[in-house]
Amino acid sequence: MRRIASLFLTFGALGVATASPAPTVPGREAVRSLTLANGMKVIVWPDRDIPNIALYNWVRVGSRNEAPGITGLAHFFEHMMFNGTTRRAPGEFDRLMEAQGGANNAFTSDDVTVYQDWFPRSALELVFDLESDRIANLAFVPEVIESERGVVFSERRLRVDDNNHGILSEQVQATAFVAHPYQFPTIGWPSDIQSWTLEDLQRFYRTYYAPNNQTMVLAGDFEPEEVFALARKYFEPIPRQAPPEEVRTREPEQLGERRVVVRRPAQTPLLQYAYKAPAANDPRAPAASLLMSILVEGDASRLHRLLVEERKLAIEVSGYWHEGFDPGLFWLYLTLPEGSDPEHVQSVLDAELERITREGVTAAELQRAKNLTLASFWKQLATIDGKARLLGEFEVFHGDWRKLFDAPAQYEAVTRDEILAVARDILDRRRRTVGVLLPQEEVEVEAEEVTACACS
Amino acid sequence: MRLLLKLAAATSLAAPLAAGYSFAQSGPGAIQIPRHERIELPNGITLVIMPRGEVPLIAFNAVLRGGALGDPPGKPGVASLVAGLLEKGAGERDAFAFAEAVEGVGGSFNAFAGAESINVVGQFLARDQDLMLELLADALLRPRFAPEEFEKLRARQIELIKAAKDSDPSELLGTYGRAFLFGDHPYGRPVSGSESSLAAITHQDVLDYYRAQFSGERLTLVFAGAVDAPSLRRAVTRAFASWPKARSKPDALPAPAPLRGRRVLLVDSPGSSQTYFWIGNVGVAKHDPARAALDLVNTLYGGRFTSILNTELRVKSGLSYGARSGFTRGSVPGEFSIRSFTQTENTGKALELAIETLRRLHTEGVSSEMLESARAYVLGQYPLTLETAADWAAAIGELELYGLGTEYIEGYGPALRSVTLADARAVIDRAFPSVENLAIVLIGDAERIREDARRFGTLVEMELLEPAFRPASPRSAAAARSD
């Protein structure tokens, strides 16, 4: 990720549900799409509220496409996409875009790399020129590779090495998967950051950066036809490539709880759970997303209320379901007050999660989650940035942007029985990894322990 | 394009307005404030209603003048606890019932303190307008301040500061920096309190703050979005009628004196892999007439990706993931600051480079090509900051808090277009600190960077784990002036 604050892409809850009749989502008739002769798809949503345009270019490559030795390369590549082409020197991309009023950013996740531009409509053609240039003509300057390596290392230190949450979740993720590349941290292991070569980058570019492996979404102040004309002019001449190989590895069934303990200088201990969970396109997705909301979204949520307000065992509770191309993780993150006994907190948390898998959730809890999801959906649709992001998420992860407009009905339809069923599927102790971060000073010096057992 | 009518009815109720929209454009950056009504209620409350119909949401922003300025001496964090407790039980609802009422309908409701105000912001679906108003009125007029909720929030806030020290040292830089630079001036207070100040705050402090600071003439209420304006206006008038007009006036706020000379605060975080640094001095106020020129120069110096700072510290050298600068502007001058971080071994080099860029800004200024680029950039990005009803609620609340007038928004585009190279030079000379006069804060491994730190000015040290954001001996950078 280039500039924004969190490393891991959060595909927040997207759906909609409501007590009153589900509102129709306006805009379906305004959205248009075009597939170029080389296989690249362009999706546009005109919106003239402000004289600006948001562009998201989704490239189907992330850290799941990496292997030992090149972990972090998808993310490093994202950085290198700003560093020069055969037509433009390093730095020109940003200089030209900013001089015409545009700003940009990018992020990399386990699954995708996404390039974002926000600009006044007057810069539309320049942006197409710049975006197509780096897909067609990227160049690598050896000195720039070295300097960018330092930048990415600094990013890693910020987010992982000097951040206890980052350190622990990296260890948990690496432990939760024994085979699938979801075990790799998106930022990369330090030894790999040190070792990438020019050849690695060139191979990566040839394999993944092709028009048929990307989807471009625009929302804002334009006529669809002018965008399509620019797409034909700038992108259609770029040749199609052989599609990249599929990720073959499937994670084998987890047969027992795994546990990671990390010792660090810390005042506040941390506790994290990572359960094996469905992929984004699983039919249980709306229910899984609502389950997460019921557990941790807001002060009235089940776990916040119990652990933070009533029992005062945690100072923060949050969660994140990684909805990716392959089955990912359903995370719970707890920050504990100084001096806590994580074992005790874990026993209280486990009892509550077991209660949910036994008794399910209340109608009021489900309704609250549906309403929060609906409101979050509308907040995203209030901006051109949110529109471009949502269209892209539905197209890339759910196979069709049109599903965005069906989301309200999908979430509305989820029943308490479905929540109970998905809770039983996901909240299974045998299929989870528990991470604990303990203050270094308070324990005997002890090596980091990673134990896997077939217990329970 | 359509012409938009602005109403600023002083007393009587304005004619009902059709839900209109928002923007009229004539050239980049030419933003007009959407049609709205502005009313003063008899007890001094300012009410602004701005109908916007794009999505079925209503955003509100209640701004109560005072904020941390009202904290009692030596007890920063009271206003922050008061704000936090507004949503921990009010009217007929206890804390849980309040949260349930908000979230049960998919609403959001957040109260927080700033340096000069307490804000309560949130969004509800349009169908819940009545409930939204009931909750807002309860929180402001009938907060319960239950002692057990006070104890819980205070204890949790202390733990959250510890958690931030464990995992997010760069987020605390500004708090350390302001404490070091402003010293005993109210801008030096940690708005959310420190571990030690929070420990000293009593339930009575919270009650006293509420009694002294909450009253009608301090409050602005802004509603924007899919509102039913006439019914909202009537309901607000009724709901807030009982509030007293005035209790006390906010304390006068003196302008802080800029720091002369160089002072360095080293906050020891043993084992830290990077040094997180902040370099600052007193900058400009919200009302500064040269705002457009200041924004253009700061954009060029440290406000965007290709800025001078980011180019040197990231793009050319790879020393850091990023470097930025900015002005924090209040009713009196707040700080100008530079922020970045680098691997522990490179601390001296990165600091030198950052200071060198500031020296260069003063000696070389900016070119006309740079100025044109910054102008296009700020004009091009400005509309994205005023896109949603929540954006407008925040912007209007800011105008009212600082008494800025609509020119602040509508005149910004024209002002940006008229900035000259001479204007840029003038703000560099006046508002960007000289390299001779800087407060510098480093959070990092003291053992490994102490010698580097010493080279940049008079050194003061403290531990990251100390329960305050200032060294135990209460010497601030500003106080050191008189040494």
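Two strands are taken to pair if DSSP finds at least two bridges between them; the exercises below apply this to a predicted model.

**Exercise 1.** Determine in what order the six strands of the open sheet in chain B are arranged, and which strands stand at the edges.

*Solution.* Begin with the pairing, which is mixed, and follow the six strands of chain B across the open sheet in the order 1-2-6-3-5-4. Strand 1 (37-40) and strand 4 (108-113) of chain B each have a single partner strand, so one side of each is left without a neighbour in the sheet, and these two strands stand at the edges. From one strand to the next, the twist averages 10 degrees.

**Exercise 2.** Describe how strand 3 of chain B is joined to strand 5 of chain B, and state what packs on the sheet.

*Solution.* Strand 3 (residues 57-65) and strand 5 (residues 117-125) of chain B run antiparallel and are joined by nine bridges. Take Arg65(B) as an example: its bridge partner in strand 5 of chain B is Ser117(B). Turning to the helix, helix 3 (residues 129-141) of chain B packs on the sheet and touches strand 3, strand 4 and strand 5 of chain B, while its direction makes about 15 degrees with that of strand 3 of chain B.

**Exercise 3.** Decide whether Leu198(A) is buried or exposed, and identify its contacts beyond its neighbours within four places in sequence.

*Solution.* First locate Leu198(A), which lies in helix 7 (residues 198-208) of chain A. A residue counts as exposed if 12 or fewer other C-beta atoms lie within 10 Å of its own; because Leu198(A) has 11 C-beta neighbours inside 10 Å, Leu198(A) is exposed. Leaving aside neighbours within four places in sequence, Leu198(A) is in contact with Phe140(A), Pro142(A) and Ile145(A).

Note on methods: Residues numbered from 1 in each chain as written. Chains lettered and ligands numbered in written order. Predicted model: local features only at pLDDT ≥ 70, side-chain atom pairs only at ≥ 80, totals over all residues. Helix = DSSP H or I, 4+ residues; strand = E, 2+ residues; numbered from the N terminus. Axes fitted to C-alpha atoms, helices over the stretch in contact; angles between N-to-C directions. Contact = placed C-beta atoms within 7 Å. Buried ≥ 20, exposed ≤ 12 C-beta atoms within 10 Å, placed from the backbone.
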